[in-house]
Amino acid sequence: MATSTIFFDRFYNAGQIVDNAPRVGDTTYHGIDPSTGTPLWDVPVARENDVDDAVAAANGAFKKWSSLPQQERSRLMKDLAACLEKHKDALTDVLHKESGKPRPFAESEIMMGINTMRRHAEWSVPDQLLKDTEDVKIVVQHVPIGVVAGITPWNYPFQLAILKIAPALATGCTIILKPSPFTPYTALKIGEMAAGILPPGVVQVLGGDDNLGPWITSHPGIAKISFTGSTATGKKIMAAAAETLKRVNLELGGNDAAVVTEDVDVLEAAQLVATATFAHSGQICMATKRIYVHESIYDEFLAHLVSVVKSYRLAEGFCSPIQNKMQYEKVKSIYNDCEEQGYTFALGGGKTFSHEDRPGYFISPAIVTNPPEKSRIVQEEPFGPIVPVLTWREDEDVVKRVNDTHTGLGATVYCRDEKRAWKISGSIEAGSVWVNGGLKLDPVALFGAHKQSGIGGELGPLGLKYYMNTRTVTYWKTSSKGPQANSDNTSKGGLFT
Ligand code: NAD
């Protein structure tokens, strides 16, 4: 296994990689450790010519990389996974600092990313034989799209970077990755390690300011944008991509509901819902953001939920800081709106939620009971540790309320009657529905979305298809029986059979 000298020389001093070489800039920027407010390491700001160079290198590398046998690409992906694993402790330290998540959670994200790389190394998309008769053979071939740009957010900087890189590598695409400026470090480290293992131009990582994203999305040399982030930015990306008809994968914001029926073990359901809601202080796209509980168990469920969440300790376990100041202000504004509107808090409330007296961006968990359906706390994605708990009586009514939103990322149903659980889950307009346990993402399962939560999908062998174009080859075995020989194109054997 090859190794990168860049990486070993300076672990904490990450840099950009273009064409397997470090790329410095004229200026630098840095992230902030959200649990202490301390500035982190300086990294270069990409310039427009860095993007041009990376695109040229990625296009130059594409032909050779895409024509390698899949087993060879797979071997190199496993080498990269092994290199990442060898340095998992250092990567965990960096992720812990850049994201603010407690170390055990940072470590589990690093391992999740490494496993994601390994799983993708096992998958490919075989050609499909549609027809093979005496006259004709029709095959659908799946061919890599070309140069992909991956753009990622700050909440899972390592795992989401791998989720862009792994399908690109598996399908034979080359990729330029742009991490969030709030959390650039582990993604830049992946670029450095990849430079020691993969051919030049196959994986490149650029970081920078607000100019970088638009330079990438408008670049004519890029064939596809694979984006994870907010719905608002997703719309801008789709508009920019339209100019050159780039393919887009958009993994966007959600407002996932949990539906709790009256036949559950109430304590167990409250514990599961607490985890799915408050893990990483709610900064997870598929975290539960609205909790609908059947009216007959509402009081008991709420009491258990409050008691579970009350036991959380700030800065430990699930209670990470909010990752950045902008997001901190957004969560505070939703919290303040609940206060101003006079909604009832079962947990939190008063001026106890934010901790301006301590460094970092901490917000205590809060639970709001039965706010109006059209309130901000029910309609918007807070992406923070505040959640509404609402009552319902009829299945049809709760499904209608769950679906009454422009988003459709995920949902969770807690229900022990299997027939009823399939019926409710089958009526929910979302890319993923989990039953009796949220936040459980199996890597084989496609993660997609409905409505304004996204386009396309990631994960599983099906996710690879979004990195590929199709080419249908129709081979006429006997030219005299081909369509040209037919005088009547509408009859059997003609053009439209
Ligand atoms: P964001 O949209 O602000 O930023 C995401 C990325 O886009 C960053 O790298 C940013 O620098 C870049 N960007 C911003 N403007 C751009 C532009 N005009 N052109 C190109 N790139 C641009 O999102 P965020 O605040 O970093 O992340 C939080 C959001 O991400 C939440 O809404 C959350 O639900 C969503 N998210 C979705 C998923 C999913 O799989 N659906 C996963 C994680 C996070």
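This is a predicted model: local features need pLDDT of at least 70, side-chain atom pairs count only at pLDDT 80 or more; totals for chains, interfaces and linings use all residues.
Local features need pLDDT of at least 70 and side-chain atom pairs count only at pLDDT 80 or more, while totals for chains, interfaces and linings use all residues. Residues are numbered from 1 along each chain as its sequence is written, and side-chain values use heavy atoms, with hydrogens and water left out.

View 1. Beyond neighbours within four places in sequence, the contacts of Glu251 (heavy atoms within 4.5 Å) include Lys164, Phe227, Phe447 and Glu458.

**View 2. Packing of helices H3 and H5.** H3 spans residues 70–86 and H5 spans residues 103–121; helices are DSSP runs of at least four residues. Their axes (lines fitted to C-alpha atoms over the stretch in contact) lie 8 Å apart at an angle of about 165°. H3 and H5 are therefore roughly antiparallel, a term for angles over 145 degrees. Among the residues that meet are Met77, Leu80 and Leu84 in H3, and Met111, Ile114 and Met117 in H5. By class, this contact has nine nonpolar, three polar and three charged residues.

**View 3. Surroundings of Thr183.** Thr183 sits in the loop between strand E8 (174–178) and helix H7 (185–195). With a relative accessible area of 0%, Thr183 is buried. Outside four places in sequence, Thr183 touches Glu98, Ser99, Pro153, Trp154, Pro157 and Gln323.

Notes:
Axes are lines fitted to C-alpha atoms, for helices over the stretch in contact, and angles run from 0 to 180 degrees between N-to-C directions. Helices (H or I, at least four residues) and strands (E, at least two) are DSSP runs, numbered from the N terminus. Angles under 35 degrees count as roughly parallel, over 145 as roughly antiparallel, 65 to 115 as roughly perpendicular and the rest as oblique. Ala, Val, Leu, Ile, Met, Phe, Trp, Tyr, Cys and Pro count as nonpolar, Asp, Glu, Lys and Arg as charged, and the others, Gly among them, as polar. Buried means under 20% relative accessible area, exposed over 50%, partly exposed in between (1.4 Å probe, protein chains only).
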